[in-house]
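Hi,

Here is the structure I said I would pass on.

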Amino acid sequence: MLKLEPRPQASRFWSLASPLLALAITVVIGVILFMALGKDPVKGLQVFFWEPIKSPYALGELMVKATPLLIIALGLAVCFRSNVWNIGAEGQFIIGAVVAGGVALLADKDTGRWIVVAIVVAGTLGGMAWAGLTALLRDKFNANEILVSLMLVYVADMVLSYLVYGPWKDPGGYNFPQTKTFEAVTQIPRLMQGSRVSIGLVIALLGAAGLWIFLFRTRAGFAQQVGGLAPAAARYAGFSSRKALWIALLTSGGAAGLAGALEVAGPLGQLTPYVPAGYGFAAIIVAFVGRLHPVGMIFSAILMSMFYIGGELAQSRLGLPKSLTGVFQGLLLFTLLACDTLMAYRIRFMTPMALKGAN
Amino acid sequence: MESYALLFAATLNAGTVLAIAALGLLINEKAGIVNLGAEGMMLCSAIAGFATVVHTGNDWLGFAAGMGAGALLAAIFGALVIWLNTNQYATGLALSLFGAGFSAFAGIAYVQEKLPERPHFSIPLLGDIPLVGPALFRQHPMVYLAIALVAWLIWFLYRSRTGLVLRSVGESPDSAHALGYPVRRIRLAAVVAGGALCGLAGAYIAVIYTPLWVEGMVAGKGWIALALTTFATWRPARVLLGAYLFGGVTMLQFHFQGIGVDIPSQFLTMLPYIATIVVLALISRNPAWIRINMPASLGKPFYPGS
């Protein structure tokens with residue numbers, strides 16, 4: 001018989017080992033899945049874990065997808081650490097992209113490069129405003145932030161859909177639901193020739209550093225997390241839970257909106273109904289797998305980006321549906337949560353007799 | 001007038017989907033467990049039910065398959081949160097994300113499939129009454145089963161001994177444990193039952209409500225069902241009422257489109273989601289009211305001997 005025995009202190013070893021074990025289990029399930037589908041599992045693993053890193057160009061593409069995931073996850077980490085369950089980052093991402101896209105559409109032939117700054121700021125503010133709705137309803141009406149933020153994803157999706165099918169539709173676009181392609185001047189600056197990696201990556205990494213300082217080196221960051229760990233202690237210390245709520249939601253909303261702006265004025269270059277790519281949901285997994293730690297999330301964002309690229313390659317090379325990405329992402333979070341049990345508990349093997357004695 | 005009778009009928013039908021799922025979640029929550037995986041379970045059971053009907057031609061086998069899929073996923077969720085003490089929110093979220101991915105993956109072969117001719121039902125005599133007949137008595141049997149389920153659940157929760165034990169497990173698992181009840185097994189049973197009902201709702205969507213398979217077709221109904229339990233302050237009869245109300249909001253958009261109201265369709269599609277937010281805010285406005293009605297140990301882990 002197995003018995004879980006609480007550890008006196010959370011295990012530091014398992015805190016780091018659990019994501020790796022979860023990844024290993026996910027890979028094993030993946031191999032079984034490939035075999036069940038009659039595909040060569042070695043090839044399957046190759047498209048997920050080797051193809052995305054084998055050339056400089058592939059590495060660049062890996063970073064292009066990891067960038068929004070990391071930016072959104074950094075914001076979500078602030079939320080989850082303060083026990084605010086914002087699961088609507090996808091909606092905040094969409095609104096960020098919409099507002100940024102709206103600014104980008106204002107550009108014409110004579111616009112200067114400053115427009116990029118306006119786009120990025122607008123996207124961030126858009127995401128903040130959308131998350132602010134959730135904060136407002138939670139603060140003033142005590143409405144559950146999980147459900148409100150999630151419902152707002154569907155609303156945001158419809159706002160985008162309305163605009164690209166309606167007022168913002170490109171008149172010269174053969175009636176396709178899309179805006180006109182943004183002027184070249186709106187393009188987020190790229191880091192180097194021949195790769196789509198933009199300054200977004202630099203922003204993401206600076207964000208990770210900023211988050212590290214905020215969480216572990218400032219009083220505000222400390223106050224933010226105490227409320228999540230021990231609400232009573234936070235009250236005693238005089239830390240405002242309302243303030244923590246607003247900071248958490250505005251930070252994560254702003255981050256998701258920024259990611260949306262970088263995406264729409266970067267790789268996408270126009271608004272279409274396909275702006276939402278699930279980054280907002282995948283970033284939740286990035287945040288958890290990365291242990292809500294800035295450094296951990298850099299690695300998990302790259303891993304999740306591999307899942308995205310692997311899914312696309314599995315479609316084109318192996319004839320498997322792209323939705324394999326979602327299967328593996330979900331599996332990873334599942335196994336991670338199970339493996340995390342090892343952090344707080346020790347597994348003891350007991351004979352039925354000993355178990356009886358223990359009870 | 002005839003069109004309003006049909007609108008009413010469609011409202012009951014749409015409400016039934018939400019009611020069945022929300023009643024399942026109510027059973028979970030009465031035992032102290034929040035399962036945010038409703039949407040994922042419903043998606044997986046939708047494709048399970050749809051695929052079963054495609055292959056067997058039997059709707060009821062499809063419903064059974066949906067219930068089986070929902071129960072299986074709920075059991076995995078239950079094992080994680082009840083025995084391994086994982087965070088209920090995070091685990092439910094994992095289930096919803098996994099369910100969305102897995103159903104899309106498993107359903108790819110069924111996107112173009114069609115179901116055999118959908119059955120029509122009418123209760124003899126009653127179904128022929130003008131207006132009332134088409135409004136009330138020409139429904140799929142599931143609509144009446146949902147009403148029966150509410151009646152049974154009221155009896156079960158508030159009049160039966162097992163129901164009392166179930167509620168005690170959600171209110172105070174420590175006391176229930178001290179009295180010698182197997183708290184964790186009871187919670188697992190409640191979670192599996194809730195999953196089976198969510199599964200039934202999911203299968204009903206893909207087999208009867210909108211008989212086809214489209215990726216993500218549950219479209220947030222699992223989340224709305226979750227909001228419904230709060231909206232109903234955890235009372236079965238109010239769950240049904242709330243479900244019909246939201247069913248009505250969902251149908252309103254088609255009605256508006258039907259009579260040619262000049263509002264972009266996207267704004268009408270938003271309605272059920274916005275209604276959920278507004279209602280949730282109004283109901284939750286008074287925290288004391290929620291605290292009195294909510295199962296006291298909702299969302300809290302229980303580990304015997306700790």
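**Helix packing in chain B**

Helix 11 of chain B and helix 12 of chain B cross in a right-handed way (a crossing is right-handed if the near helix is turned clockwise from the far one by less than a right angle, and left-handed if anticlockwise). Helices here are DSSP runs of H or I with at least four residues, strands are runs of E with at least two, and both are numbered from the N terminus.

Before going further, a word on the source: this is a predicted model, where local features need pLDDT of at least 70 and side-chain atom pairs count only at pLDDT 80 or more, while totals for chains, interfaces and linings use all residues. Residues are numbered from 1 along each chain as its sequence is written, chains are lettered from A and ligands numbered from 1 in the order in which they are written, and side-chain values use heavy atoms, with hydrogens and water left out.

Back to that pair. Helix 11 covers residues 236–258 of chain B and helix 12 covers residues 265–284, and they pack at about 160° with their axes 9 Å apart. (Axes are lines fitted to C-alpha atoms, for helices over the stretch in contact, and angles run from 0 to 180 degrees between N-to-C directions.) That angle makes helix 11 of chain B roughly antiparallel to helix 12 of chain B; angles over 145 degrees count as roughly antiparallel, under 35 as roughly parallel, 65 to 115 as roughly perpendicular and the rest as oblique. On the helix 11 side, the residues that meet helix 12 of chain B include B:Phe246, B:Val249 and B:Phe256, and on the helix 12 side B:Leu268, B:Pro272 and B:Val279 are among them. Contact means heavy atoms within 4.5 Å. By class, this contact of helix 11 of chain B with helix 12 of chain B has eight nonpolar, six polar and no charged residues (Ala, Val, Leu, Ile, Met, Phe, Trp, Tyr, Cys and Pro count as nonpolar, Asp, Glu, Lys and Arg as charged, and the others, Gly among them, as polar).

Now helix 1 of chain B, which takes in residues 2–30. Its 29 residues reach 41 Å from first C-alpha to last, close to the 42 Å expected at 1.5 Å a residue (the expected span is 1.5 Å times one less than the number of residues). Of those 29 residues, 23 are buried, so helix 1 of chain B is largely enclosed by the rest of the structure. Buried means under 20% relative accessible area, exposed over 50%, and partly exposed in between, with a 1.4 Å probe and protein chains only. Just after this helix, B:Gly32 takes a positive phi of about 95°.

Helix 1 of chain B also packs on helix 10 of chain B, at an angle of about 55° and with the axes 8 Å apart. That makes the two helices oblique, and helix 1 of chain B passes helix 10 of chain B in a right-handed crossing.

B:Thr230 is buried at 15% relative accessibility. Its C-alpha is 7.5 Å from that of B:Leu280, 50 residues apart along the chain.

In chain A, helix 4 (residues 89–106) and helix 6 (residues 145–165) have axes that come within 8 Å and cross at roughly 25°. That makes them roughly parallel, and the crossing is left-handed.

A:Leu4 sits in strand 1 of chain A and is buried, at 11% relative accessibility. A:Leu4 and A:Tyr345 are 341 residues apart in sequence but 5.7 Å apart in space, C-alpha to C-alpha. Among the residues that A:Leu4 touches are A:Tyr345, B:Trp83 and B:Tyr303.

From the other chain, B:Thr86 lies in the loop between helix 3 and helix 4 of chain B. It is buried at 7%, and A:Leu337, A:Ala338 and A:Thr341 are among the residues it touches.

**Two positive phi values**

Most residues other than glycine have a negative phi. A:Asn142 has a positive one near 65°; it is in the loop between helix 5 and helix 6 of chain A and is partly exposed at 25%. A:Leu292 has a positive phi of about 55°, lies in the loop between helix 11 and helix 12 of chain A, and is buried at 14%.

Methods. Lists of a residue's contacts leave out its neighbours within four places in sequence.
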